[in-house]
Amino acid sequence: MATTASAAAVPPSYDTPEGVDIRGRYDPEFASILTRDALVFVAGLQREFRSAVRYAMERRREAQRRYDAGELPRFDPATRPIREGGWACSPLPPVIANRTVEITGPAQPRKMVINALNSGAKVFMADFEDALSPTWENLMSGQVNLRDAVAGTITFRDAARGREYKLNESPATLFVRPRGWHLPEAHVLIDGEPAIGCLVDFGLYFFHNHAAFRAGQGAGSGPFFYLPKMEHSREAGIWNGVFERAERVAGIERGSIRATVLVETLPAVFQMDEILHELRHHSAGLNCGRWDYIFSYVKTFRARPDRLLPDRALVGMAQHFMRSYSHLLIRTCHRRGVHAMGGMAAQIPIKDDAAANEAALELVRKDKLREVRAGHDGTWAAHPGLIPAIQEVFEGHLGGKPNQIDVAAGDGDSGAITEEDLLQPPRGARTVEGLRLNTRVGVQYLASWLAGSGSVPLYNLMEDAATAEISRVQNWQWLRHGATLDAGGVEVRATPELLARVVEEEMARVEAEVGAERFRRGRYTEAGRIFSRQCTAPELDDFLTLDAYNLVVVHHPEASPSKL
């Protein structure tokens, strides 16, 4: 009896291979993802590529030091033969020829995944990055959700509504976005150090699902990915190595994995040909990640007082540097035979105001008409309610074709796009109201992210980490350089004292908007402190989410026995 009681007292744990330690909470469903063989696969990726990732991250820091000293991003003379060469990427698989509308959202919660797959979009990009707070529960539940979605068995019962959710007969094609190279996974230790977050995301998803893709549709059916936050083609080269190793281990043909790269950093726009060349057997094109691109513009020129952004609402695709970025991306992709994907429509339906809702939809239609006329092959939507309007715009322009890769240029795209075009400073007013909006959005988003939600509806827009990053770095930039702000016809300087007053007043406004009880129970006060500290820091932190990451990490040392 004593032996039985002792055995029963031992908590269950993950079966981990040598050198792997799981510090996240044990759960039987999570254990079906964190199998010994899957962890061997992830650990193999970490051990082969960690040195290359460290080197790439140090090269990022070196480049930023040069930008801080006054150097500008530029096209690399050493890779001119790649930019001028006549090569092309491998032909796209037919299953992803039509990507006119893609919906994006987090890989968790489960009901949201089902609704996105059933939304009528051609593609659902399930996100482990900016739209997902990287808690252990979110990451592992997301892997469970996607495994079941690939198998076609995903269901969800909403007990409160008495409703069952399941896949329809024609769900969207699934793409998955792992985290960027810079983010760790502190719940998984490999050889005593946190795993590289994106290798955990990619490795677990690929290991459990590559066979199901092939069983369902055969070669050319995936898996498919989106790759975020890269700044240089060497980072794409690491991904190419990861894909090739995964294909070899799985015994599948090279090029079975396909990925679209988000061009969402300023340095990467000067590397688009080189990025496609590195991934040419695995490429599914490039995407205009325009919100992160604005964030990167500020971060790259953080030391330059002559590069101050106007209010974020004014930094749209009409700005010369943004329009040039979009047109160069289209031109580059079509020359290489792959998709040029447009940016996010972040609007969400306004249920209690029909006129305001129609006005918002009209803005979406105009933006998407601009994209398709420029030459984009598809675009992003944040909410299912936008899909019919976007689909109508794209299908009306394409006239039955799945894409327009054969179109070299669209509206207004003539002549060479130069370094000066891509770097032209944006124009527009900087206002105290802009400082207030940045603060209000940044604090509310961060509070939700700390509480476990990375996709947050605010003021009729779906916000993710990218818009919080714009809010933070723009406030920091204005304070760092003492920008002159318009305060209703009166000019004031951006100072820490002004920000402190704005934060206090906007926190009171947020409390009034969300209600005192929700404000008290939430993490708003903590978020306000973090956001204020970030905006007034002597040096700009690279990422808000990296700085706040340890606040969502919860270690459970008993989850797996150490085998180091």
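This is a predicted model: local features need pLDDT of at least 70, side-chain atom pairs count only at pLDDT 80 or more; totals for chains, interfaces and linings use all residues.
**Stop 1**

Next, bring in residues 193–196, which are β8. You now have an open sheet of 3 strands, in the order β1-β7-β8, with antiparallel pairing. Which strands sit at the edges? They are β1 (20–22) and β8, as each of them pairs on one side only. Turn the view slowly and follow the twist, which averages 55° from one strand to the next.

**Stop 2: the helix on the sheet**

Keep the sheet on screen and look for helix α3, which packs on it and touches β1, β7 and β8. The direction of α3 makes about 95° with that of β8.

**Stop 3: the largest nonpolar core**

Select Trp181, Phe202 and Trp239 next: in the largest nonpolar core, which has 136 residues, these three touch the most other members. Which helix gives this core its largest share? It is α3 (residues 36–68), with 10 residues. Both domain 1 (43–423) and domain 2 (432–552) supply at least three residues each to this core.

Zoom in on Trp239. Setting aside its neighbours within four places in sequence, Trp239 is in contact with Pro178, Trp181, Cys198, Phe202, Leu227, Met230 and Leu279.

**Stop 4: a second core**

Finally, select Val441, Tyr445, Val456 and Leu485. They are among the 38 residues of a second, separate core.

Terms used:
Residues are numbered from 1 along each chain as its sequence is written. Side-chain values use heavy atoms; hydrogens and water are left out. A nonpolar core is a set of buried Ala, Val, Leu, Ile, Met, Phe, Trp, Tyr and Cys residues joined through side-chain atoms within 4.5 Å. Buried means under 20% relative accessible area, exposed over 50%, partly exposed in between (1.4 Å probe, protein chains only). Helices (H or I, at least four residues) and strands (E, at least two) are DSSP runs, numbered from the N terminus. Domain bounds come from an automatic or database domain assignment. Contact means heavy atoms within 4.5 Å. Two strands pair if DSSP finds at least two bridges between them. Axes are lines fitted to C-alpha atoms, for helices over the stretch in contact, and angles run from 0 to 180 degrees between N-to-C directions.
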